[in-house]
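Please look over the structure below.

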Amino acid sequence: MCSIHGAENPETLEKLVQHLKHRGSSQKALEKENFSLGHTLHSIVGELEQPIKNEGLLSANCEIYNWKELNEKYGWKTENDAETLLRLLEEKGLDGLEEVDGIYAFAYLSDKELILVRDILGVNPVWYTEKEEDFAFASEKQALEKEGFEARELHPRQILRYNLETGERKFEQREFFEINENEEMELEEAAEEIKDKFLKAVKKRIPEGSLGLLFSGGVDSTLIAATLQELDKDFTAYTAGIQHGNVNAPRDSEWAEEVAEEMDIELESYEASLEDVEEVLPQIVDWISSTSVVKNGVALPFHMALKDSKEEEQVIMSGLGSEQLYAGYHRQQGYLNKECLSGLRSIFERDLYRDNVISFRNGREIRLPFLDHDLIEHA
């Protein structure tokens, strides 16, 4: 995953690039139809630079797990998932997204029109300028805010079409998951299907290189750890807690250490001091563009856990999404499926943007097995 950004004014684009350098190792920009598209590359699959130019111009932040299968299906010879996405768009249009297994945020520029799209869960972010003049967009809100723009997050179930000649904006709605009230199965049968689908969800997200895991010792991260062990994938687990005064040690840290010892997991545990918190908290507020106590309270140990992680581990896995699928909160017990579905609908604004930003501030791409579409449909 990377950063995408664009602007009608090339000078604006250059400034956005400066605010997004932490999301990758190299930057590139191209102009078409009097609009500039930019890209910051954090390469996991191939080293193909973006934006990619063919009939149209594409800047994509994507992780498409079935790109090789799509190549085989259509006889393409693309170099990576982003180039596959471009071929899919140019041959199938936006309907081709129905064939994509993965996450994405992209800008596609063609025929005097800019199209902005995200995956329907909103794992990968896009923000755009709210006012009519000086249209621009970026992967992070702070990049636009620091140039004086009012920024709005593109809703994952909307496609934004921007007419470069008239400045008109049109939004198209996309379908989301629905509850199937009629489908029932026995518990043992359901459990076996969950196991199979979860194994596949983790496997497709395993990188060729080194891997880290955010680890609390809870059910979700422990399931990922057990699955990685079953798949013979080496990984390092990370946890962090804040210890100050005479309070007890954080429960997550204690559980993580106990479970890691039981499962023979390599665990890096960071014990933060009050001074650490005072130093980094203002930075986190700026990064995620939020003063929410809850969001910053989650972001803080997340950042602490990763800040000294191994440099070669470009990918980090997280158990985010398990509560929304399998009713991890007490409030979900009364209206089970409806509350779980409601949580999935809002997870992009509550959790996903925060975790995406914190990951990239630590040079990592986050991958979320519980948010696999096959697993969600089954749940």
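Contact here means heavy atoms within 4.5 Å. This is a predicted model: local features need pLDDT of at least 70, side-chain atom pairs count only at pLDDT 80 or more, and totals for chains, interfaces and linings use all residues. Residues are numbered from 1 along each chain as its sequence is written, and side-chain values use heavy atoms, with hydrogens and water left out.

**Overall form**

- The chain holds twelve helices and 17 strands; helices (H or I, at least four residues) and strands (E, at least two) are DSSP runs, numbered from the N terminus.
- The chain's radius of gyration is 21 Å, close to the 21 Å that the globule rule gives for 379 residues, so it is as compact as a globular protein of that length.
- That radius is taken over C-alpha atoms, and the globule rule is 2.2 Å times the number of residues to the power 0.38.
- The C-alpha trace spans about 60 × 50 × 40 Å along its principal axes.
- Of the 379 residues, 53% are buried (under 20% relative accessible area; exposed is over 50%, partly exposed in between; 1.4 Å probe, protein chains only).
- Among contacts between residues at least 6 apart in sequence, 66% join residues at least 24 apart.

**The open sheet**

- Six strands make an open antiparallel sheet, ordered β4-β5-β6-β7-β11-β12.
- Its edge strands are β4 (52-53) and β12 (169-173), and each pairs on one side only.
- Two strands pair if DSSP finds at least two bridges between them.
- Four bridges hold β7 (residues 113-118) antiparallel to β11 (residues 158-163). E113 sits opposite N163 in β11.
- β11 and β12 also run antiparallel, joined by five bridges. L160 has F171 of β12 as its bridge partner.

**Helix α6**

- Helix α6 (residues 219-230) has twelve residues and reaches 16 Å from first to last C-alpha, close to the 16 Å expected at 1.5 Å a residue.
- The expected span is 1.5 Å times one less than the number of residues.
- Its buried residues are D220, S221, T222, I224, A225, T227 and L228.
- These pack against α5 (187-204), β13 (211-214), α7 (251-263), β16 (315-317) and α10 (322-326).
- D232 follows α6 and has a positive phi near 60°.

**T40 in β3**

- T40 lies in strand β3 (residues 35-41). Its relative accessible area is 0%, so it counts as buried.
- Beyond neighbours within four places in sequence, T40 is in contact with C2, S3, H5, L20, K21, R23, G24, S26 and Q27.

**Salt bridges**

- The whole structure has 22 salt bridges (a side-chain nitrogen of Lys or Arg within 4 Å of a carboxyl oxygen of Asp or Glu).
- E33 pairs with K112, the closest N and O atoms being 3.3 Å apart. E33 lies in the loop between β2 (26-32) and β3 and K112 in the loop between β6 (102-110) and β7, so the pair ties together parts 79 residues apart in sequence.
- E33 is partly exposed at 23%, and K112 is partly exposed at 33%.
- D351 pairs with R354 at 3.1 Å between closest N and O atoms. The two are three residues apart in helix α11 (residues 336-361), about one helical turn.
- D351 is buried at 9%, and R354 is buried at 5%.
- R367 and E365 form a salt bridge at 2.6 Å between closest N and O atoms. Both are buried.
- D101, K204, R205 and D372 are linked in a salt-bridge network.
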